[in-house]
Amino acid sequence: MAAVEANGTLQPNTKTTIEPVRPLANFPPSVWGDRFLSFSLDNTELEGYAKAMEEPKEVVRRLIVDPTMDSNKKLSLIYSVHRLGLTYMFLQDVEAQLDKLFKEFNLQDYEEVDLYTTSINFQVFRHLGHKLPCDVFNKFKDSSSGTFKECVTKDVKGMLGLYESAQLRLRGEEILDEAAEFTVTQLKSVVNTLEGKLGQQVMQSLRRPFHQGMPMVEARFYFANYDEECSTHESLTKLAKLHFNYLQLQQKEELRIVSKWWKDMRFQETTPYIRDRVPEIYLWILGLYFEPRYSLARIIATKITLFLVVLDDTYDAYATIEEIRLLTDAINRWDISAMEQLPEYIRPFFKILLDEYAELEKQLAKEGREKSVFASKEAFQDIANGYLEEAEWTNSGYVASFPEYMKNGLITSAYNVISKSALVGMGEMVGEDALAWYESHPKTLQASELISRLQDDVMTYQFERERGQSATGVDSYIKTYGVSEKEAINELNKMIENAWKDINEGCLKPREVSMDLLAPIVNLARMIDVVYRYDDGFTFPGKTMKEYITLLFVGSSPM
């Protein structure tokens with residue numbers, strides 16, 4: 001094409017390159033820089049903590065199985081073990097005790113039990129898979145008025161327990177629906193008058209109930225705010241401290257590994273427009289499973305999710321529609337020869353993506369488990385196609401109907417990629433049956449996906465609008481059902497609330513699969529709540545995620 005000189009005349013034989021108009025988002029830079037690259041793991045120290053845990057662990061185990069312990073005290077102990085993130089150490093013993101106590105359950109036995117103890121017992125059974133009936137709370141309601149008794153409003157600790165219990169409700173459990181509304185109103189009205197630990201406990205629960213929090217962070221909060229419960233058994237306190245220290249060392253080393261990998265891959269140089277969020281993504285994956293045995297799984301899932309960030313930001317905040325079409329085609333072909341059709345800036349990413357997956361396939365083929373890598377790769381291709389559809393909508397100014405939006409939106413929520421990638425490094429438990437269960441798209445998975453999509457949309461739709469994005473759940477709902485913005489958000493929040501009820505039901509026995517496979521699904525929904533309840537904590541990670549990263553990787557563990 002001929003270039004136009006300043007005087008306006010055409011000059012043949014000169015070339016110019018017109019830089020395309022790009023939808024740049026100008027994301028904030030990382031607040032961490034290279035901070036986590038300098039960590040150096042002392043294996044002797046790590047082994048020292050592991051060895052030191054053996055004695056208190058055995059003492060706690062003996063307490064759990066003690067046949068002479070009162071059942072309420074035992075349930076209180078198991079509750080503290082669970083809240084401290086230690087259940088995995090005693091799983092068989094805990095399940096045996098709960099199975100026995102659940103079989104012995106009698107509603108009449110709860111007639112004289114106070115609200116706080118009733119709530120703790122209810123939570124223990126529900127958290128660990130037993131459907132203790134919500135009828136245990138009936139006695140706290142006035143039969144004539146149908147409201148909660150006056151004495152309940154004076155029992156702050158009991159109300160807090162009831163509030164946390166209500167988070168475990170199922171569809172149709174009206175008393176717990178009422179309890180959720182009643183307790184949140186009552187607790188908000190008194191929280192500023194409370195002092196000491198009780199005030200901190202109520203404030204923390206109102207900010208985010210335990211059931212919807214990140215397990216590792218919730219364990220630290222419980223240790224800090226419930227020292228009376230933790231210190232009932234000295235061995236439990238000792239074990240919790242050692243466990244926190246052990247995990248912090250292991251996890252800082254994992255964070256160093258993925259930080260170094262990210263730096264070595266030079267994504268910030270080749271694709272400088274993307275969000276630089278390595279510690280945030282590692283935190284997100286840590287939220288899925290924190291147990292030491294999942295160390296490799298966390299590293300693999302973090303890398304794949306970082307690929308997803310590059311892909312998302314390329315589609316959403318840099319590439320032209322023509323470039324998006326070419327990149328989608330290349331990802332569907334999944335062949336290095338497709339690199340020739342790509343713009344120069346995205347070629348390094350495409351090559352690294354193919355190389356990393358090829359290496360994973362090679363590693364897992366030795367164990368006969370390469371199918372989990374294929375599942376992750378297919379999910380990655382699906383999301384590229386989903387992103388393309390959203391880009392086409394934006395390019396044409398089309399606002400999809402809500403059902404149409406949700407069909408594609410459940411794919412672009414990234415849920416499927418992250419959850420399937422989380423399975424890759426989990427070992428033998430992820431066999432063909434587990435993958436088949438995932439592919440059947442069970443109700444629990446659907447519910448968690450819905451939370452991932454809509455919680456994100458409710459919090460980010462205004463930012464997306466400002467950037468000219470037409471595809472958000474809020475806008476689609478308004479268009480389809482002719483409601484106000486406020487009504488749309490209320491309806492989406494109701495859908496999120498019901499999805500949590502479906503998740504709660506899916507975790508009760510008899511389960512379709514083991515809790516090991518369910519846990520990452522539930523925890524991914526929890527992490528969505530952590531990141532998006534109050535703000536877009538991923539794009540602008542100055543609040544919650546910064547606080548959590550500081551707590552787990554920068555601050556010291558309880559000594």
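Domain bounds here come from an automatic or database domain assignment. For this chain, that assignment gives domain 1 (43-236) and domain 2 (266-554). What you're looking at is a predicted model, in which local features need pLDDT of at least 70 and side-chain atom pairs count only at pLDDT 80 or more, while totals for chains, interfaces and linings use all residues. Residues are numbered from 1 along each chain as its sequence is written, and side-chain values use heavy atoms, with hydrogens and water left out.

**Confidence**

The chain's average pLDDT (the predictor's confidence in each residue, from 0 to 100) is 93, and 96% of the residues reach at least 70. Residues 1-16 stay under 50. For that stretch the model has 12 contacts (heavy atoms within 4.5 Å) beyond four places in sequence.

The C-alpha centres of domain 1 and domain 2 are 32 Å apart. Domain 1 puts 28 residues into the contact and domain 2 puts in 30. Between them they bury about 2,800 Å², with 54% of that on carbon and sulfur atoms. Buried area is the accessible area (1.4 Å probe) that two parts lose on being put together, summed over both.

**Rings**

There are 33 aromatic pairs in the structure. To pair, rings of Phe, Tyr and Trp (its six-membered ring) need centres within 6.5 Å; planes under 30 degrees apart count as stacked, over 60 as edge-to-face and the rest as tilted. Here are two of the pairs:

| Pair | Centre to centre | Between planes | Geometry |
|---|---|---|---|
| Phe221 and Tyr548 | 6.2 Å | 75 degrees | edge-to-face |
| Trp437 and Tyr438 | 5.6 Å | 80 degrees | edge-to-face |

Phe221 sits in helix H9 (residues 215-225) and Tyr548 in helix H25 (residues 544-554), so this pair ties together parts 327 residues apart in sequence. Helices are DSSP runs (H or I, at least four residues), numbered from the N terminus. Phe221 is buried at 14% relative accessibility, and Tyr548 is buried at 0%. The cut-offs are under 20% relative accessible area for buried, over 50% for exposed and partly exposed in between (1.4 Å probe, protein chains only). Trp437 and Tyr438 are both buried too.

Elsewhere, Trp261, Trp262, Phe267, Phe307 and Phe349 make up one aromatic cluster.

Lys157 lies over the face of Tyr116, 4.9 Å from the ring centre, and the charged end of Arg220 sits over the ring of Phe244, 5.4 Å from its centre. To count, NZ of Lys or CZ of Arg must be within 6 Å of the ring centre and within 35 degrees of the ring normal.

**Backbone details in the loops**

Lys509 and Pro510 are joined by a cis peptide bond, with omega at about -5 degrees. Pro510 belongs to the loop between helix H23 (485-506) and helix H24 (515-532).

Ala414 has a positive phi, near 80 degrees, despite not being glycine. Its loop runs between helix H18 (402-412) and helix H19 (415-424), and Ala414 is buried at 10% relative accessibility. His441 also has a positive phi, near 55 degrees, and lies in the loop between helix H20 (432-439) and helix H21 (443-466). With a relative accessible area of 32%, His441 is partly exposed.

Thr270 lies in helix H12 (residues 267-270) and is buried, at 17% relative accessibility. Beyond its neighbours within four places in sequence, Thr270 touches Tyr345 and Pro348.

Methods:
Helices (H or I, at least four residues) and strands (E, at least two) are DSSP runs, numbered from the N terminus.
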